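Let us walk through this structure one region at a time. Keep the sequence and the 3D view side by side.

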Amino acid sequence: MINIGIIGYGYWGPNLVRNFFAAKDCCVKLVADARTERLQQLGIAFPCISGVRDADNIIYNSDIDAVVIATPVSTHFALARKAIAEGKHVLLEKPMASSVEEAEMLINLAEQKGVLLMVDHTFLYTGAVQKMKQLVEEHELGNIKYLDSTRINLGLFQSDINVLWDLAPHDISILNYIVDERPYSVNATGITHTNNSIENIAYLTINYPSGFIAHFNCSWTSPVKVRMMLIGGDQKMILYNDLEPTEKVKVYDTGYSYSNDEEKKQVLVDYRTGDIHVPKLTTTEALLGMANDFIACVQKKKQPVSSCQLGLDVVRILEASSKSIKHNGREVILEATTVPANHNGHEVLI
Ligand SMILES: NC(=O)c1ccc[n+]([C@@H]2O[C@H](COP(=O)([O-])OP(=O)(O)OC[C@H]3O[C@@H](n4cnc5c(N)ncnc54)[C@H](O)[C@@H]3O)[C@@H](O)[C@H]2O)c1
């Protein structure tokens with residue numbers, strides 16, 4: 001039995017409490033939230049779980065083996081560092097930290113202390129994302145050329161992070177999970193329509209050495225909710241609509257081929273449209289899968305699907321996107337070693 005303490009019972013915390021309550025081989029012993037009204041809600045929903053206002057009552061409690069942190073991003077580093085230093089296993093909500101430096105410090109400390117540090121990138125545990133990974137790995141789409149995602153709605157304006165830090169971790173984690181290749185740079189633009197400097201609409205492009213490209217459109221100011229992703233290969237293409245109740249993933253037998261017309265100096269493109277296949281997906285709640293993975297990895301000392309390394313790569317892209325937004329969309333290099341040889345170097349910020 002792994003004894004768990006959960007810090008943060010705001011919007012997302014209750015989902016974590018409910019799923020760890022249902023997960024195997026663990027017991028939710030304590031929940032902390034600084035707000036008394038949230039602890040009152042906890043008492044109504046889970047009368048058997050004790051609530052405390054001070055997170056230290058969890059972190060310094062010798063009965064607690066693992067700490068789940070579901071507080072705003074700006075608080076992740078300080079809480080996680082304290083918990084890891086106390087020898088607790090830690091599950092951090094996405095994004096794992098506010099900077100690459102913070103994320104790396106947590107990873108190093110967890111290694112030193114021999115504890116598990118994991119990040120909740122919930123979407124990796126959905127049937128839809130598992131299926132898309134399988135289709136890409138089995139080369140069902142051919143060579144993949146692009147991933148394009150739209151995640152927009154009339155969303156809650158956050159006070160500590162912009163719209164990319166809030167919404168894009170989902171899409172970037174899916175991208176990094178499905179695509180093996182490492183990106184070399186990002187370009188991002190964004191705008192704020194309030195009187196602070198926190199962007200509420202942003203566009204992020206991630207560039208890869210092979211010519212594969214990923215693009216994300218995130219907004220808190222859309223009249224409609226859209227959760228749509230396209231993954232295009234040279235054989236087939238996927239449409240993933242997370243708002244569809246059952247047919248979330250559709251595989252289009254659509255493609256094109258091209259040849260060169262030497263005389264006219266033109267590219268000739270031939271299009272092909274075929275059947276649409278709707279694969280069957282597993283429907284277990286993703287958050288329960290994530291909670292079970294965390295517990296199993298603590299017990300068996302193995303690496304989870306949603307590892308801290310994947311969490312760090314997400315933060316690396318987010319940090320570079322913020323830098324690019326500040327410089328009006330100029331390219332920011334992620335990894336100098338993967339920059340293609342024919343790259344035009346003078347537009348680059350490092
Ligand atoms: N995985 C997902 O799909 C998903 C979805 C939504 C939010 N999240 C993540 O969950 C985290 C929390 O988001 P939220 O929307 O629930 O925020 P929230 O503001 O609604 O809730 C955070 C809660 O933490 C409490 N808190 C903050 N600091 C504390 C401290 N030091 N001690 C005790 N309590 C403290 C606050 O009182 C608040 O109730 C964020 O990292 C967010 O990105 C993840």
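Predicted model: local features only at pLDDT ≥ 70, side-chain atom pairs only at ≥ 80, totals over all residues.

Start with the strands. Strand S7 (residues 144-154) runs antiparallel to strand S11 (residues 221-233), and 9 bridges join them.

Now turn to helix H5, residues 100-113. Its 14 residues reach 20 Å from the first C-alpha to the last, close to the 20 Å expected at 1.5 Å a residue. Which residues of H5 are buried? They are Val100, Ala103, Leu106, Ile107, Leu109 and Ala110. An α-helix has 3.6 residues a turn, so residues three or four places apart point the same way. The cover over the buried residues of H5 includes helices H4 (73-85) and H9 (308-326), along with strands S5 (89-93) and S6 (117-120). After H5 comes Gly114, with a positive phi near 65°.

Last, the ligand. It is surrounded by 19 residues, and the closest are Trp12, Asp33, Arg35, Lys94 and Thr122. Trp12 places a backbone N or O atom 2.8 Å from a ligand oxygen. Asp33 uses its side chain: an N or O atom there is 2.6 Å from an oxygen atom of the ligand. For Thr122, a polar side-chain atom lies 2.8 Å from a ligand nitrogen. On its own, the ligand has 850 Å² of accessible area, and the protein covers 79% of that.

Methods. Residues numbered from 1 in each chain as written. Heavy atoms only, no water. Helix = DSSP H or I, 4+ residues; strand = E, 2+ residues; numbered from the N terminus. Expected span 1.5 Å × (residues − 1). Buried < 20%, exposed > 50% of the residue type's maximum accessible area, 1.4 Å probe, protein only. Contact = heavy atoms within 4.5 Å. Pairing = 2+ DSSP bridges. Near = heavy atom within 4 Å. Polar contact = N/O pair within 3.5 Å; in protein donor to acceptor, adjacent residues only side chain to side chain. Areas by Shrake-Rupley, 256 points an atom, 1.4 Å probe, with all protein chains shown as cover.
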